[in-house]
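Let's walk through this model together, starting with a sheet and then moving on to a pair of helices.

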Amino acid sequence: MTTSETSPRRLDLLIVGCGFAGLYQLYRARQLGLSVRVLEAGDGIGGTWFWNRYPGARCDVESLDYSYSFSEELQQEWNWTERYAPQAEILRYINHVADRFDLRRDIQLQTRVTEAHYDDAARRWTVATKDGETFDAQYLVLATGCLSIPQAPRLAGLDSFEGRWYHSANWPVEGVDFSGQRVGLVGTGSSGVQMTPLLAAQASHLTVFQRTANYSVPAQNEPLSEATLKEVKANYAHRRALGREAVTGQFLNANDKSALEVSDEERLQEFEFRWRGAGGGFRMLRAFSDLLRDPQANRYAAEFARSKIRQIVKDPVTAELLCPKDDLPFGTKRLCVDTDYYETFNRDNVSLVDVKAAPITGITPTGLRTTQKDYALDAIVFATGFDAMTGAVLAIDIRGADGQSLREKWAGGPRTYLGLSIAGFPNLFIIAGPGSPSVLSNMVHSIETHVDWITAFVRQTRADGITRIDALQPAEDDWVRQVNEAADKTLYPIGNSWYVGANIAGKPRVFMPFVAGVPTYRRIIEDVAAKGYEGYSLR
């Protein structure tokens, strides 16, 4: 490990990352009276919501749920303006939280962590930054986020492009004006879907390069009225309680019926209800209890979604290109939530290119080339996604007990105990990591659940004089088995998604989240704690 000339700064707890997770862990560590520091690579706080400021960026979880619940005063004083908050509003909220609870004095910006090595003798972590600064901490908490390492475009000739190119996860702070430009958009995941209508409204022509059609459902976004806010705030405790017992950590009025037990008419009515104003967003996934478990139930949902695309998109050839194929079950890739995405393809200045049929071969000085055609472009926008769930963790050279490398341990895919700890890496915690509900849940709810559990664990072990916390290898092995068994009971592993790392060349294909749901997961980790932190070596 590279060391600085000065002595490492000594802390009780060091946090890497300052989005929702890092900020709340800082708040809770302060309550324990710990000396604590947050290291953040960006020049502002907010994590995902600091970096992802592309046109149309907004959360796909309703803002009234995608927010902290730990402070009643905070819940009452903050007024969300829309059902689905845009990026700028979420970032204002995060900054408000930092100021309200005086958290900034323990946050260090523009500090990228490069190495974290555990000292067996001292039972402490030594952490180094890109600038050579070092820290010495008893506990290390990785709040690095699940979608924070962008997948950079790797196309021949990109350096020769005479126009400007952009990545959705590193958008210019000042924004971009595409007026009068020929714009190419590469990628049709959530970011690409959200951007498409706004780029089309500006560009003289927008060409969307699609490799795989994804399912997208209308957000049915709307302003939040004063009456709605008043009602929610008067009953926030009840809303949060419903969320705690919902499989995704947010109450979506799930239907407990099977799609196979109802008539064709009732099934269609339920899908329509979920698609339109009273529904929208992820409510589609809760239309029936078995959409993600039974192939036939899923086919009903998939065909309904395809029928909507065909109704909306006027050109039948374009409509068919936008329809996901049978090999992608509905909802097994991250469901996109949009406003006017499919409608945008009815515009005269928008075209769709199927790059599965005609792959992109490279970038030219004047545009983009596929195996069939050259496209003249003034600007290219890449919405090519992230090295999800593991990328930010593995970007750091982490070495645990006896110098074990995490990159080597995870060479075949991520392995954790409870999605919180890694055997052989003592006093290290991950917030919303692989092996937890994480990205299949309301992230803020899962973050609070993890941080509260970690905080209680640290409080108890410190009171007991324990200085070394390490997950036992058999417990980790058993947890990995449980995560895999839960996934295999669903259709999720079939989807060629970033949930399994399919978007990153060479990444092991492992289904990373725990799919059995937030309530089940919470009861498991609460039971572990109640049994004296079963599955851990405490010394």
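Which residue in S16 does Val186 stand opposite? Val186 faces Phe382. The model you see is a predicted one, where local features need pLDDT of at least 70, side-chain atom pairs count only at pLDDT 80 or more, and totals for chains, interfaces and linings use all residues. Residues are numbered from 1 along each chain as its sequence is written, and side-chain values use heavy atoms, leaving out hydrogens and water.

Strand S8 (residues 182-186) pairs in the parallel sense with strand S16 (residues 379-382) over four bridges; pairing requires at least two bridges found by DSSP, and strands are DSSP runs (E, at least two residues), numbered from the N terminus, as are helices (H or I, at least four residues). Both belong to an open sheet of five strands with parallel pairing, in the order S7-S16-S8-S9-S12. At the edges stand S7 (164-167) and S12 (350-354), each with a single partner strand, so one side of each has no neighbour in the sheet. On average, neighbouring strands of this sheet are turned by 20° against each other, direction ignored.

Now for the helices. H8 (residues 264-275) packs against H9 (residues 295-312) at an angle of about 60°, their axes 11 Å apart; axes are lines fitted to C-alpha atoms, for helices over the stretch in contact, and angles run from 0 to 180 degrees between N-to-C directions. The two helices are therefore oblique to each other, a class left over once angles under 35, over 145 and from 65 to 115 degrees are set aside. In H8, Arg267, Leu268, Phe271, Glu272 and Trp275 meet Tyr300, Ala301, Phe304, Ala305, Lys308 and Ile312 in H9, with contact meaning heavy atoms within 4.5 Å.
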